[in-house]
Structure formats: C-alpha cells, structure tokens
Amino acid sequence: MPNRRDVIKAGALALGGGLLAWPARAAGPVHRMKLGSFEITIVSDGTFPLPLSFLLPDRDPAEINALLATNNTATTTLPPAQTNVVVVRTPRDLVLIDTGGGARFLDTLGRLASNLEGAGFPPEAFTHVVLTHGHPDHLWGTIDDFDEPRFAKARHVISAAEHDFWRNPDTVNTMPEAFKGLAAGSRRILGKLDSLITRLPADGTITEGLTAISTPGHTPGHVSVMIASGTERLLVGGDVLGNPIFSFQRPDWHWGSDVDAPAGARTRARLLDTLTTDRIRLSSYHLPWPGLGRVERAGNAWRFVPD
Ligand SMILES: [Zn+2]
C-alpha cells in the first residue's frame with residue numbers, strides 16, 4: 001500500500017507508484033442502453049488506483065475499515081477506479097460527457113479514443129463535448145497525440161466558473177504542491193480549446209434533452225448533467241459520488257480530491273436527496289463499471305444499488 005507521499009508526486013498523479021495493467025475483471029469497455037428515444041453508451045478510458053490514503057486523508061483508518069467491514073469489503077486496497085465516459089445520441093446531436101485522461105496523464109488511461117472508434121463513434125461525429133470539470137482524467141482526453149483538439153467539430157461546453165478557475169493564472173499558486181502540475185496542464189489544454197469553448201451558466205441548457213446542474217465542491221464550477229427523454233431521466237454525476245460506499249453511506253466525510261471539501265460534502269447530500277426523492281437513475285464516472293444504478297435511502301444516509 002503506497003503512502004500519500006508516494007502516491008502524489010509534484011506535477012502528476014503518479015498513482016500507486018507502479019501502474020496497473022488493465023484488470024482482468026473489467027467487464028468490457030462498452031455498455032449500451034436506451035433512455036426514452038436517446039441511446040446511451042458508456043465507454044471506458046481505462047482504470048487507475050485510488051488509494052484510501054489519498055481519498056480520505058483526514059479520516060481515521062479504523063473508522064474507514066469499520067465501514068468497509070460492514071459492507072463485506074476487503075480493508076487493504078480498493079479496486080481500481082473506473083472511468084465511465086458517457087455518449088448520448090439524441091435525434092439531433094451526438095454528445096460526449098467527459099473525455100478521459102488522454103495520452104499524457106497516466107499509462108493506464110487514454111483508451112477512450114480507440115474504444116469510441118470501436119463502438120462506432122469517430123471523433124468528428126461529435127456535436128458536443130461536455131466537461132463536468134477540469135481535472136485531467138476528465139479533460140485531458142480532449143487533446144490528441146499531436147496536441148491538437150481531438151473532437152474538432154464539437155462545441156466544448158464547460159461552466160463559466162470552472163473555466164475561470166482553471167484559466168486563472170493564479171490558480172496554480174493556490175493549489176497544494178502536488179496539484180500544481182495538474183493545474184498548469186489543465187490551464188494549457190483549455191487554452192488549446194479556446195475557439196471551441198462554450199461557457200455555460202452554472203445551471204443551463206446544453207442542448208435539447210441535456211441540462212447542466214451546478215454541483216460545486218469537487219471543483220468550484222463542477223456540473224452534473226441531467227439527460228431527459230420522454231419520462232426517463234439519467235443524471236451524469238461526474239465526480240460528486242466517486243466511491244460506491246463512502247460517497248453514499250458517509251457523504252459528510254471530507255474527500256481528499258475535493259478543492260472545497262465542506263462544499264463537496266454539502267453537494268453530495270443535496271444530490272443524493274434529489275436522486276432518491278425524484279427517483280432519478282445515476283451514471284457516475286469512477287464507480288464500478290459501468291457506473292449505472294439507483295440510490296436508496298438507508299437510515300440517515302443512502303446506498304448505491306448498481307443496475
Ligand atoms: Zn475524476
């Protein structure tokens with residue numbers, strides 16, 4: 001088990017020290033479903049290790065292990081985090097929600113481009129790319145191996161608050177040392193996309209059937225995406241609910257990768273309440289493949305019920 005210092009190296013998240021090969025248990029990189037008249041396809045960008053010491057740095061390990069034990073989960077290492085990228089085909093548009101880590105972030109990521117091609121989605125077919133936020137495992141796949149925009153015909157939609165945060169030259173200086181390289185990279189890549197960017201208010205229509213919902217905390221301008229067709233709805237939650245146990249059963253626990261941890265906790269509780277009250281299905285980026293399921297109330301908290 002690597003410690004936090006091993007895990008986070010200045011300039012890049014060299015997660016886990018050694019990089020894992022694609023795990024044999026991955027169910028496969030493409031999952032298809034219908035949502036009203038829309039076609040939803042989940043495509044993987046790969047997996048990467050997210051150690052507990054990184055996710056929950058302030059939490060007593062005994063408390064973490066006790067919660068894992070009540071869920072019959074091994075207490076030593078968590079399974080690798082998935083990258084469940086969502087493609088939405090509407091009668092009018094082809095929308096990609098988040099873009100994976102690209103070629104320059106982690107060796108175990110960067111599979112999205114070939115997996116999209118394999119699933120019948122060449123890059124020029126996309127009309128919209130929606131970015132839930134500016135972290136590398138969501139943003140850096142917008143750039144191809146030649147350092148040019150990969151989805152060159154798509155409008156790239158990001159919230160104005162998120163765009164301002166990463167483009168601000170001062171942001172690098174406000175980040176912890178370990179995140180400075182990531183911040184510089186995301187600032188540079190958003191600059192490369194400049195002519196394709198559409199800045200959105202926190203809550204706003206992306207295109208017919210897709211609406212951005214402000215879910216700040218993980219990053220200042222993080223958005224989730226509500227997809228609605230007919231009477232069916234699916235909420236794409238980005239990184240608001242990053243772990244199938246902690247995020248649902250202890251949404252109040254502060255998350256190591258949240259820029260504003262108290263705001264992240266408030267947003268988690270609010271979103272979980274909405275998902276259960278309105279019975280909305282969830283798609284979540286880092287949950288076990290393919291990251292689809294429902295949320296149920298459980299005592300004072302919630303629980304994730306995978307499809
Ligand atoms: Zn992420």
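Predicted model: local features only at pLDDT ≥ 70, side-chain atom pairs only at ≥ 80, totals over all residues.
Let me start with the metal: the zinc ion is coordinated by Asp137 (OD), His138 (NE2), Asp239 (OD) and His286 (NE2), at 2.1 to 2.3 Å, where donors are N, O and S atoms within 2.8 Å of the metal (3.2 Å for Na, K and Ca), and water is not among the atoms, so sites may look incomplete. Residues are numbered from 1 along each chain as its sequence is written, and side-chain values use heavy atoms, with hydrogens and water left out.

Distant parts of the chain are linked by the pair Asp137, in helix 5, and Asp239, in the loop between strand 11 and helix 9, which are 102 residues apart. Helices (H or I, at least four residues) and strands (E, at least two) are DSSP runs, numbered from the N terminus. Both Asp137 and Asp239 are buried, where buried means under 20% relative accessible area, exposed over 50% and partly exposed in between (1.4 Å probe, protein chains only).

Turning to helix 8, residues 180–192, we find 13 residues that reach 19 Å from the first C-alpha to the last, close to the 18 Å expected at 1.5 Å a residue, the expected span being 1.5 Å times one less than the number of residues. Its buried residues are Leu182, Ala183, Gly185, Ser186, Ile189 and Leu190. They lie on the same side of helix 8, because they cover an arc of only 165 degrees around the axis, the arc being that of the directions from the helix axis to the C-beta atoms. These buried residues pack against helix 5 (136–139), strand 6 (155–159), helix 6 (160–167), helix 7 (171–174) and strand 7 (197–200), with contact meaning heavy atoms within 4.5 Å.

In helix 3, residues 61–70, the buried residues are Ile64, Leu67 and Leu68. Their arc around the axis is only 100 degrees, which puts them on the same side of helix 3, whereas Ala62 and Thr70, on the other side, are exposed. Helix 2 (52–55) and helix 9 are included in what covers the buried residues of helix 3. At the N-terminal end, Asp60 caps helix 3, with a side-chain oxygen 3.0 Å from the backbone nitrogen of Ala62; a polar contact is a pair of N or O atoms within 3.5 Å, and within protein one must be able to donate a hydrogen and the other to accept it, while residues adjacent in sequence count only if both atoms are side-chain atoms. Just after helix 3, Asn72 takes a positive phi of about 55 degrees.

Finally, helix 10: at its start, a side-chain oxygen of Asp260 reaches to within 3.2 Å of the backbone nitrogen of Ala263, and the helix is followed by Arg279, whose phi is positive, near 50 degrees.
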